[in-house]
Amino acid sequence: MKNMRKVFISISLLFIHFIVVAQDGNAGINQANTQVRSYFAAGTNLLYAIGAIVGLIGAVKVYNKWNAGDHDTGKVAAAWFGSCVFLVIVATVIKSFFGV
C-alpha cells in the first residue's frame, strides 16, 4: 500500500511538472499556422502535378478503350475527366478556405 502511494505521488508530481513547464498555447498554434501556410504553395503545385499525371494516364486508357471498340468509353472518359477536375477544384477550394 505504501509503494502504491509513493508511485501515485511520483506520477502526480511528474504531471504537475509538465503542466508548469508547458508553453503558451497561442504561440504554438501561431507557429503551426505559419509553418502550414509556408508549405501550402508547394502542396498545391504537387496536387496540380498529380492531376496532370492522372489526366495523362486517363487519356491513354480512354484512347486504348476507344481503339478497342469498347462500348463504355464515354463512361471511362467521364470518370477520368471528373477525377482531374476534382483534384483542381479541391486545390482551389482549400486555397480559398485557408485564405492563402
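How accessible is Asp72, in relative terms? At 31% relative accessibility, Asp72 counts as partly exposed (buried is under 20% relative accessible area, exposed over 50%, partly exposed in between, with a 1.4 Å probe and protein chains only). Here are my notes on the rest.

1. Ground rules. This is a predicted model, where local features need pLDDT of at least 70 and side-chain atom pairs count only at pLDDT 80 or more, while totals for chains, interfaces and linings use all residues. Residues are numbered from 1 along each chain as its sequence is written, and side-chain values use heavy atoms, with hydrogens and water left out.

2. Overall layout. The protein chain has three helices and zero strands, so the pattern along the sequence reads α-α-α (helices are DSSP runs of H or I with at least four residues, strands are E runs of at least two, numbered from the N terminus). Buried residues make up 10% of the 100 residues. The accessible surface comes to about 8300 Å², 72% of it belonging to carbon and sulfur atoms (Shrake-Rupley, 1.4 Å probe; for residues, only the protein chains shown count as cover).

3. The helix pair. Helix α2 (residues 25-68) and helix α3 (residues 73-98) have axes that come within 9 Å and cross at roughly 175° (axes are lines fitted to C-alpha atoms, for helices over the stretch in contact, with angles from 0 to 180 degrees between N-to-C directions). That makes α2 roughly antiparallel to α3 (angles over 145 degrees count as such; under 35 is roughly parallel, 65 to 115 roughly perpendicular, and the rest oblique). The residues of this contact split into 18 nonpolar, seven polar and four charged (Ala, Val, Leu, Ile, Met, Phe, Trp, Tyr, Cys and Pro are nonpolar, Asp, Glu, Lys and Arg charged, the others, Gly among them, polar).

4. Two spots on α2. Thr44 lies in helix α2 and is buried, at 5% relative accessibility. Leaving aside neighbours within four places in sequence, Thr44 is in contact with Ala91 and Lys95 (heavy atoms within 4.5 Å). Ile50, also found in helix α2, is partly exposed at 37%.

5. Salt bridges. The structure holds two (a side-chain nitrogen of Lys or Arg within 4 Å of a carboxyl oxygen of Asp or Glu). Lys65 pairs with Asp70 at 3.2 Å between the closest N and O atoms, and with Asp72 at 3.4 Å. Lys65 is partly exposed at 24%, as is Asp70 at 35%.
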